[in-house]
Amino acid sequence: MTAEARLQRDFLSYLVAVVFGVFAGWIDLKVGELLFTALLVVAPCMLLGALRPKRPWRWVLLVAGCVPVAELLGYVVMTQKPYRAQIYESFLAFLPGFAGAYGGALLRGVLDNVLKGN
């Protein structure tokens, strides 16, 4: 694979991660339900961890990192202010993100071993 094709693939993966993260952050602002936000973080982290299993922590930083940023932007910009506890609990989105990303990377490794055969 050429460097240009790898760069294009990396850019697309990072763009997808940021779009999912912004969506999860926006939903967290509008709905305010931490479990629903956790679901919106764990699913894309698992997908990206399975598709790109090297360094799965980067998907957590991009997807789950957008949730506290969205809460902070909502506090600064929007007229509807979230509670201080909502801002603090938005950092809990990292926990299911790590579980999803590393679970997806593990699943990819298992599938690669099974499909490769002995």
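Buried means under 20% relative accessible area, and this cut-off is used in the legends below, which describe close-up views of a predicted model.

**Close-up 1. A salt bridge joins the side chains of Asp-10 and Arg-52.** The distance from N to O in this pair is 2.5 Å, and the pair links distant parts of the chain, since Asp-10 lies in helix α1 (residues 3-31) while Arg-52 lies in the loop between α2 (34-51) and α3 (57-63), 42 residues apart. Asp-10 has a relative accessibility of 18%, so it counts as buried, and Arg-52, with a relative accessible area of 12%, is buried as well.

**Close-up 2. Asp-112 and Arg-108 form a salt bridge through their side chains.** This is one of the two salt bridges that the structure holds, and its N to O distance is 3.4 Å. Because Asp-112 and Arg-108 are four residues apart in helix α6 (residues 94-116), about one helical turn separates them. Asp-112 counts as partly exposed at 39% relative accessibility, and Arg-108 counts as partly exposed at 29%.

**Close-up 3. The largest nonpolar core has 15 residues.** Within this core, the residues with the most contacts are Val-41, Cys-45, Val-60, Val-63 and Ala-64. Helices α1, α2, α3 and α6 each supply at least two residues of the core, and its largest share, four residues, comes from α2. In soluble globular proteins, nonpolar side chains tend to be buried together.

**Close-up 4. Cys-45 is shown with its contacts beyond the neighbours within four places in sequence.** When those sequence neighbours are left aside, Cys-45 is in contact with Trp-59, Val-60 and Val-63, and also with Gly-97, Gly-100 and Ala-101.

Note on methods. Residues numbered from 1 in each chain as written. Predicted model: local features only at pLDDT ≥ 70, side-chain atom pairs only at ≥ 80, totals over all residues. Heavy atoms only, no water. Salt bridge = Lys/Arg side-chain N within 4 Å of Asp/Glu carboxyl O. Buried < 20%, exposed > 50% of the residue type's maximum accessible area, 1.4 Å probe, protein only. Core = buried A, V, L, I, M, F, W, Y, C linked by side-chain atoms within 4.5 Å. Contact = heavy atoms within 4.5 Å.
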